[in-house]
Amino acid sequence: MVLMNRSHILGITAIALAVVANVAPAQTAVTPRARADSARYPYTDADIRFMSGMIGHHAQAIVMAGWAPSHGASASVRTLCERIINEQSDEIVSMQTWLRDRGQPAPDGHTMGMKMMMNGHEETMLMPGMLTEAQMKELDAARGTEFDRLFLTYMIQHHKGAVSMVHDLFESYGAAQDEAVFKFASDVNVDQSTEIARMQKMLLALEIEGGSK
Amino acid sequence: MAFVYPLRSVSLALALLSAGACAHPGMTSSGSTGASPDNSISVTAPSPDPRVGLKGGLTDAGQAAWNMRLLSNTPPSTAFVDKTNSDLAFDGKYVIQGSYNGFQVWDISTPTKPTLRTAYVCPASQSDVSIYKNLLFVSGEGLSGRLDCGTEGVKDTVSSARLRGIRIFDISDLDHPKNVGNVQTCRGSHTHTLLVDPHDQDNVYIYISGSSGVRSPSELPGCVKETPDKDPNSSLFRIEIIKVPVAHPEQAAIVSSAHIFNGLTAPTTHAAAAEDAAETATAKAQGKFVASMHGQEFVLGPRFVDPKLDSIVKARGGTGAPTGADSAALRAALPELLAKMIGTTVAELNAPRPVTQCHDITVYPSIGLAGGACEGYGMLLDIHDPAHPTRLTAAADSNFSYWHSATFNNDGTKLLFTDEWGGGGQPKCRATDKYQWGADAIYAIQGGQLKFLSYYKMPAAQTKFENCVAHNGSLIPIPGRDVMVQAWYQGGLSVFDWTDGAHPKEIAFFDRGPVDSTKMASGGSWSAYWYNGVIVSSEIARGLDVFELTPSPLISQNEIDAAKSVQFDQFNTQGQPQLVWPASFTLARAYLDQLARSKGLAAGKIDAARTALASAEQASGGARRDALTQLATTLDADASGAKDGAKTRTLASTVRDLAAKS
């Protein structure tokens, strides 16, 4: 992963422009509002890290939500999971497109977490809020009300992690100048915060009634 | 394949068109014979839907239209190519089109050929625009917006160069807009709503809706990003209200922050999802245990309560039934207990978390109400005191993802909310996407409460490369009906009738194929609004589209003409004006067409009324007045036996008003 510091931003911008120009296909009528934007607002390492990391973050949410039908989830949890899968699958495609449009490697959308070279070998790093392998196993083993309870608890934690990634992004120098990044990050913040509140209510209802409908 | 009219209604449409073409006010759609138009043709949308399978392309995509016609498409001016076009405001013969790069002003006096008046570069997302007299207001929330309108962005996390809030321009000289003031806000302005107070000539108010990150207090003093449980001055739970002295816009400033989210108690809900159920009032009256979370209340059932009470009895070494003191002890311990159960703290549990901001607020000053689309809730607000709006009621819907905007019907008896599921950049109109998701929800306003009626979604399946979801629209001023035109991004435009709120029905549409049929490329209609006789749509990638409605069995020429009789000097969609139709022969004929369509009055009586109107129109002065007065009397008598007595009486009243004008 390329590291950039402040003094290199302008230099990198020039390179980014050159790279984009060189990999551009023949000019067609359709396109590259992306290219116009990337020329205007250079992206930073923090933007790339955010987009790449969020793909791996979403990938795990999709696996977790994908268990709802087979693990006896209640109707309301199943609806929630359907929505999460739909939303986050589409968002993965958007993030991959954004990265590729800028000549950056795009994670595959299935790997949970972010692959990195560490100490000479490849490791998968967990983004904030992500479940450990043990927690994933625990969720996968659960059924019915227990699945609902664990799913909601863990997905709340997962969403809080996504929200913290957005905050980290906005605290980074030069980050989120790109309108697509800004909008996407802002949307993740709002959508997932709203969903956290919804899930807390569902969790409470679950605990109180000893099972959802 | 381009498809314009469904085959079987072509001949009728042509007949109506030709009648319209040589008509002057007073000609009925059936000519002067008085015979009623044949409305026995069933009027359903073309099938298969021509919007499915359209060829892609930025400038040459396939098109499908039904009961409306594209008059012109004008690509963006040079500086605005490849930039995202956003919202619209209207000023006389001009439409002001916001863009992430600034704004363009188009002269649409010839709707088939709009011309550019001004292109003003001043980057800001999303450049939501409103107009009041000579003042233009533009929203900015992104991190790269600059006070000096520069295009280089703002890299520092804290910078005095940054603009997040409202820009104010004086456009007395349209060729040289002048930035006369700026108001910075803590979360920037994603959208804004201009409110003209009927009792205050000197000032206008702007409600700021901002949902993105809170600024550092080093950049803007007073901004607090912590939640209210940690800091009561939180910037997170309020809308900012700016007061603008019209004569001195440079003095515009924030005057209050409405905490309309405070103490949000159990809202009325629609979907029968377990998480949204609550019956707290009755429960409390019965002495049941009620838990409170984020200002919402839940009844705790015996399965939860009984074991807890038993533990308390045991803990004090007692036996038998729990006492009043035991119940009190449980009540006291509840917050801590619940917080632990969902893995949080009591402080966080009590914080009004579910809603932190409104996305968009539509004010309807004539009736003193506003509709707020606020994250997890659709809200009804009282705005009689513009600087201090208060919340009347709120609705939650488990099918809604992101409450986006609100539109009242003209009577103020219904409120329509939109759900911008996916944020506008995602394809949510695929065959696999649920109808109820990313749709509109229609509510009845009854006794200060919101009662769910139905969902409406643009019904044609779009591809995975077309961003599509409910977005901005406005009422079409067809008298006697609630009709709306709405933008659905690359889902195109949909015109639907929601007079019967429980059964909305599409009555016109326009769509293009995807901007790019090989990959996702953002495009489509951001906003589609009716203005002074035409429909104007801001196409994100393709520029400015202007349409007109074409007559059909679903919308008659008279109804279209009556809609055109409603004219505005300036128009901001989120500041809903009250629609008033001047009494005219066209208006009377529009009502007759509607009565014929719904068989609300006997066919013979409708024919007789048409004949009477036609001859009254041929007469003048006293003769006309008498003829119309006589007709009004007849219609009033007809009303008592009519299936639609109310509309017949409305017609009678219109005819009487017309008599008074003669």
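This note goes through the two chains of a predicted model, in numbered points.

1. Conventions. The model is predicted, so that local features are given at pLDDT of at least 70 and side-chain atom pairs count only at pLDDT 80 or more, while totals for chains, interfaces and linings use all residues. Residues are numbered from 1 along each chain as its sequence is written, and chains are lettered from A, with ligands numbered from 1, in the order in which they are written.

2. Chain A overall. Chain A holds 7 helices and 2 strands, where helices (H or I, at least four residues) and strands (E, at least two) are DSSP runs numbered from the N terminus. Read from the N terminus, its elements follow the order α-α-α-α-β-β-α-α-α. Of its 213 residues, 47% are buried, a residue being buried if 20 or more other C-beta atoms, placed from the backbone, lie within 10 Å of its own, exposed if 12 or fewer, and partly exposed in between. Among contacts in chain A with a separation of 6 or more, 72% involve residues 24 or more positions apart; two residues are in contact if their C-beta atoms, placed from the backbone, lie within 7 Å.

3. A helix pair in chain A. Helix H5 (residues 133-141) and helix H6 (residues 144-170) of chain A have axes that come within 9 Å and cross at roughly 150°, the axes being lines fitted to C-alpha atoms over the stretch in contact and the angles running from 0 to 180 degrees between N-to-C directions. The crossing angle therefore makes H5(A) roughly antiparallel to H6(A), given that angles under 35 degrees count as roughly parallel, over 145 as roughly antiparallel, 65 to 115 as roughly perpendicular and the rest as oblique. Gln135(A), Glu138(A) and Leu139(A) of H5(A) meet Leu150(A), Phe151(A) and Tyr154(A) of H6(A).

4. Chain B overall. In chain B there are 10 helices and 33 strands, and 53% of its 662 residues are buried. For contacts in chain B between residues at least 6 apart in sequence, 59% join residues at least 24 apart.

5. One sheet of chain B. An open sheet of 5 strands, with antiparallel pairing, is ordered E6-E5-E4-E3-E33 in chain B, and two strands pair if DSSP finds at least two bridges between them. Its edge strands, each pairing on one side only, are E6 (115-121) and E33 (570-571) of chain B. Strand E3 (residues 85-91) of chain B is joined to E33(B) over 2 bridges in the antiparallel sense, and Asp91(B) has Gln570(B) in E33(B) as its bridge partner.

6. Strands E27 (residues 483-487) and E28 (residues 493-497) of chain B are antiparallel and joined by 5 bridges, and Val485(B) stands opposite Val495(B) in E28(B). Leu493(B) lies in strand E28 of chain B and counts as buried because 25 C-beta neighbours are inside 10 Å. Among the residues that Leu493(B) touches, leaving aside those up to four places away in sequence, are Val485(B), Phe509(B) and Ser537(B).

7. A helix of chain B. Helix H10 (residues 645-661) of chain B has 17 residues and reaches 24 Å from its first C-alpha to its last, close to the 24 Å expected at 1.5 Å a residue, where the expected span is 1.5 Å times one less than the number of residues. Its buried residues include Thr648(B), Leu651(B) and Val655(B), and what covers the buried residues of H10(B) includes helix H7 (585-598) and helix H9 (621-641) of chain B.
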